[in-house]
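Work through the exercises below with the model open beside the text. Try each task before reading its solution.

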Amino acid sequence: MLTHSVEFSQIDHVAKAILLLATTNDKFNVFHVNNVHTIQMNNVVDEMNKCGFDIKKVSAEKFGDTLNKLLNSEKDVRSINSLLAYKANHHEKRRAIASDNIFTLNMLYRLGFYWPFPDNDYLSKLINYLV
């Protein structure tokens, strides 16, 4: 999971993109507004640790084993409810749904809008804001 790319669309940039897209021809009415620049989960975990969290990097197998142990503990199961989305049943296959925002991206470029690159400074501010 550490090599998975994650996307952060800063809300002020999303709002600006939406306002710009609202000025386009009415025949264009479906847009996918999200930052095309991603950051690896490894960078997010590193930045969270710099902000005072104690997140250990483990293999997917160890993560799954630990999650299963916590799920079987009445004391701990409530504290991990938000992680249940990551637990697949043995018979389930998970796959990412491809997203294509090339049309939107090209439209935004023509309107003079460019998505910013997420960096560690942005991540640090975001993490500190959330805690």
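**Exercise 1. Find what covers the buried residues of helix H5, and state which residues of H5 are buried and which are exposed.**

Step 1. The cover over the buried residues of H5 includes strand E2 (38–40) and helix H2 (41–50). Helices (H or I, at least four residues) and strands (E, at least two) are DSSP runs, numbered from the N terminus.

Step 2. This is a predicted model: local features need pLDDT of at least 70, side-chain atom pairs count only at pLDDT 80 or more, and totals for chains, interfaces and linings use all residues. Residues are numbered from 1 along each chain as its sequence is written, and side-chain values use heavy atoms, with hydrogens and water left out.

Step 3. Helix H5 spans residues 120–130, and its Leu-123, Ser-124 and Ile-127 are buried. Buried means under 20% relative accessible area, exposed over 50%, and partly exposed in between (1.4 Å probe, protein chains only).

Step 4. The arc is that of the directions from the helix axis to the C-beta atoms.

Step 5. Lys-125 and Tyr-129, on the other side of H5, are exposed.

**Exercise 2. Repeat the analysis for helix H2: which residues are buried, and what do they pack against?**

Step 1. Val-44, Val-45, Glu-47 and Met-48 are the buried residues of H2.

Step 2. Viewed down the axis, the buried residues of H2 lie within an arc of 165°, so they line one face of the helix.

Step 3. They pack against E1, E2 and H5, where contact means heavy atoms within 4.5 Å.

Step 4. After H2 comes Gly-52, with a positive phi near 105°.

**Exercise 3. How many salt bridges does the whole structure hold? Describe those of Lys-57, Glu-47 and Asp-121.**

Step 1. Apply the criterion: a side-chain nitrogen of Lys or Arg within 4 Å of a carboxyl oxygen of Asp or Glu. The search finds four salt bridges.

Step 2. One of them joins Lys-57 to Asp-46 at 2.6 Å, N to O. Lys-57 sits in the loop between H2 and H3 and Asp-46 in helix H2, so the pair ties together parts that are 11 residues apart in sequence. Lys-57 is partly exposed at 40% relative accessibility, and Asp-46 is partly exposed at 31%.

Step 3. Glu-47 pairs with Lys-50, with the closest N and O atoms 3.7 Å apart. The two are three residues apart in helix H2, about one helical turn. Glu-47 is buried, at 7% relative accessibility, whereas Lys-50 is exposed, at 60%.

Step 4. Asp-121 and Lys-125 meet at 3.4 Å, N to O. They are four residues apart in helix H5, again about one helical turn. Asp-121 is partly exposed at 46% relative accessibility, and Lys-125 is exposed at 55%.

Step 5. An α-helix has 3.6 residues a turn, so residues three or four places apart point the same way.

**Exercise 4. How many aromatic pairs does the structure hold, and what is the geometry of the pair Phe-8 and Tyr-122?**

Step 1. Rings of Phe, Tyr and Trp (its six-membered ring) pair if their centres lie within 6.5 Å; planes under 30 degrees apart count as stacked, over 60 as edge-to-face and the rest as tilted. The structure holds five such pairs.

Step 2. Phe-8 and Tyr-122 are edge-to-face, 6.3 Å centre to centre with 70° between the planes. Phe-8 lies in the loop between strand E1 (5–7) and helix H1 (11–21) and Tyr-122 in helix H5, so the pair ties together parts that are 114 residues apart in sequence.

Step 3. The ring centres of Tyr-109 and Tyr-114 are 5.1 Å apart and the planes are at 25°, so this pair is stacked. Tyr-109 is partly exposed at 33% relative accessible area, and Tyr-114 is exposed at 55%.

Step 4. Phe-28, Phe-31 and Phe-103 are linked by ring pairs into a cluster.

**Exercise 5. Locate Thr-104 and list its contacts beyond neighbours within four places in sequence.**

Step 1. Thr-104 is in helix H4 (residues 102–110) and is buried, at 2% relative accessibility.

Step 2. With those neighbours left aside, Thr-104 is in contact with Leu-21, Phe-31, His-32 and Val-33.
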